[in-house]
Amino acid sequence: MVSVSDYSVSGCMDALRDRGQCALIPFITAGDPDLETTAKALQILDRNGADLIELGVPYSDPLADGPVIQAAATRALQKGTRLDPVLEMLKQVSPTLKSPIILFTYYNPILNRGIEPFFQQIAEAGAKGLVVPDLPLEEVEGVLAAAKSTGIEVTLLVAPTTPKERIETIAHRSQGFIYLVSVTGVTGIRTEIETRVQSLLTDLHSVTDKPIGVGFGISQPGQAKQVMEWGADAVIVGSAFVKRLADGSPEQGLQAIETFCRSLKAAISQ
Amino acid sequence: MLTTDSQANLQPADKAQVPDAQGRFGKFGGKYVPETLMPALSELETAFYQYRDDASFQQEFYGLLRDYVGRPSPLYFAERLTQHYARSDGSGAQIYLKREDLNHTGAHKINNALGQVLLAKRMGKQRIIAETGAGQHGVATATVCARFGLQCIIYMGVHDMERQALNVFRMRLMGAEVRPVASGTGTLKDATSEAIRDWVTNVETTHYILGSVAGPHPYPMIVRDFQAIIGQETRQQCQERWGGLPDILLACVGGGSNAMGLFHEFVKDANVRMIGIEAGGEGLQSEKHAATLTRGRVGVLHGAMSYLLQDEDGQVIEPHSISAGLDYPGVGPEHSYLKDSERAEYYSVTDQQALDAFQQFSQLEGIIPALETAHAIAYLDTLCPQLEGNPRIVINCSGRGDKDVQTVAKFLMPEQ
């Protein structure tokens, strides 16, 4: 078994690309419904098609998130989910996973912990990457500097509204891969993927060799396949996992994400 | 006679003034927002710099401030309030009110809403969104949208909709859609988050009229500069009254727009003392307060670095104040800057002190103040005994209290 320590985010993405495969990156919110279930969910996703996993740290004011992930964060916080127990759980479970873990957190909890201690602690817990949705290029310098010594890769986001010259700079600074936000909007389940994602992928590929992951709004195997065919190196699916995991008992939720994860992987493995 | 178009000024007096090109007030401010919004913030900044220097924009803005808003607002000598705080020998603070409550829609909020709607119109945005706490900014935004025929959507916490029902009705009457926000405590913080989410989604067609000197750059600067008319008029009115400056400026601070509007003109006048009053809620020891500058730590909320009420994990704490307009866990970044540089002082008063001031002020001056404004007035109890001589105090009478009468009645006569 390959443990997480063998792979960086970029290492994992590059290896998949070398094999001509599109990566599947599921997202779940830590602590919803509880950390024990989160740990099990990470293992289930890891064994059923996930190539990397995004783990959301619940935050009180998730500006970039739609109703599903907002509600999951609120539930997790109401249950008393704190950063330290999340990292403790991750430390226990990450050695059993082959998928590199990417933490998804808003900036204030990082700032509050202290940027350097934060990176040190998440690296010790076994995280390999970080996505901070409210930290655009202009504000990211301190975080990139602190990330360096810990080996954590900080992935930056490109939006449909990002002008071309800015896309180039973001692509240049982004680590691991480039996170292309597929909608002008917040996270959530949508019935259709905007066709301009295709031209955005073309634009991005023309300015960078780095892998590109597409996320926000992808909730069905058919959509994942579509995005892969448009040239995505990774497909990120969040709300659709969070919603399934939260539906019914923890056991039912885990069962549902197992089936769903497999169907997504199958769709992008053809 | 003061005329709004002769002396008012949207341009910074000094190029060294904050914010800098990155939108920083010292370490505070910045743009901590999803990437999707970054181009819109740049577009807004460019438009603001372009139009604030544009003669036709200025003519329209100051013309409407005069004829539609009713500016200049008077500087009124509060005679009986002054007598109330006088020493036994008759000496004591001379208290003046900058009567923003007399503006159209009943508060200072219209100054900024008007400026921003004129910007939106020039940027070709047909859809306007805004957040509101007490409803004053929502009413001001609904008003200017009606005036210019623009679609208007107001996000308001469900708790605030209940305690500010009159303002909800006013907004709807003027054609705005009021969208209830139930997340969190259903107050201003949650309404602001929801407005930002709407903006992220509809950014290409929509202008977000943020109502306070908070949020990502360029909002703290834009809102301040549109509100700066308050201080600019005050300076001229003081000059006309006594040929000098005020000694003390006093204003309530939630996000901080009425205080910045009064203070900005006087920041460089080192002899003018500037005091901001936050909502102490049920007391600073109770954890049920909104005293961000007094009790917060530096953090990031709604796009800006500033003082913030947060727990040990960096989760934002739900604030409390009897006043919906002050019930906010953050504060405008320039206030954090003025606090740390010790240019301005910030204190708090409790719900009870504000309620007492609300009644006393109504009885002494025949003016029912907004509960927000009552916080600034309440601080006179603490301030006046500390003062020597006959200093001139200008209080920003930021809004009228009609909207709060039901809330206050519930507190005064809970059994009914």
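**Helix packing and aromatic pairs in a predicted model**

Helix 2 of chain A and helix 12 of chain A are roughly parallel to each other, because the angle between them falls under 35 degrees. The model is predicted. Helix 2 spans residues 35-47 of chain A, and helix 12 spans residues 250-267 of chain A. The two pack at an angle of about 20°, with their axes 10 Å apart. Helix 2 of chain A passes helix 12 of chain A in a right-handed crossing. On the side of helix 2 of chain A, the contact involves A:T37, A:K40, A:A41, A:I44 and A:L45. These residues meet A:P250, A:L254, A:I257, A:E258 and A:C261 of helix 12 of chain A. By class, the residues of this contact divide into seven nonpolar, one polar and two charged.

Helix 5 (residues 109-122) of chain B packs against helix 10 (residues 219-227) of chain B at an angle of about 115°. Their axes lie 8 Å apart. Helix 5 of chain B passes helix 10 of chain B in a right-handed crossing. Helix 5 of chain B contributes B:K109, B:N111, B:N112, B:G115, B:Q116 and B:L119 to the contact. Helix 10 of chain B contributes B:Y219, B:I222, B:V223, B:F226 and B:Q227. The residues of this contact divide into five nonpolar, five polar and one charged.

Aromatic rings were considered next. A search of the whole structure finds 22 aromatic pairs over all chains. One pair is formed by A:Y59 and A:Y106, whose ring centres are 5.5 Å apart. Their planes stand at 25°, so the pair is stacked. The pair links distant parts of the chain, 47 residues apart. A:Y59 sits in the loop between strand 2 (53-56) and helix 3 (67-78) of chain A. A:Y106 sits in the loop between strand 3 (101-104) and helix 5 (107-113) of chain A. Both A:Y59 and A:Y106 are buried. In chain B, ring pairs link B:F48, B:Y49, B:Y51, B:F57, B:F61, B:Y62 and B:F226 into a cluster. B:F226 also belongs to the contact of helix 10 with helix 5 of chain B.

B:E177 lies in strand 7 (residues 177-181) of chain B. B:E177 is partly exposed, with a relative accessible area of 36%. Leaving aside neighbours within four places in sequence, B:E177 is in contact with B:C152, B:I153 and B:I154. B:D225 is 48 residues from B:E177 along the chain, and their C-alpha atoms are separated by 28 Å.

Methods:
Residues numbered from 1 in each chain as written. Chains lettered and ligands numbered in written order. Predicted model: local features only at pLDDT ≥ 70, side-chain atom pairs only at ≥ 80, totals over all residues. Heavy atoms only, no water. Axes fitted to C-alpha atoms, helices over the stretch in contact; angles between N-to-C directions. Helix = DSSP H or I, 4+ residues; strand = E, 2+ residues; numbered from the N terminus. Parallel < 35°, antiparallel > 145°, perpendicular 65-115°, else oblique. Left-handed = near helix turned anticlockwise from the far one by under 90°. Contact = heavy atoms within 4.5 Å. Nonpolar A, V, L, I, M, F, W, Y, C, P; charged D, E, K, R; others polar. Phe/Tyr/Trp six-rings, centres within 6.5 Å; stacked < 30°, edge-to-face > 60°. Buried < 20%, exposed > 50% of the residue type's maximum accessible area, 1.4 Å probe, protein only.
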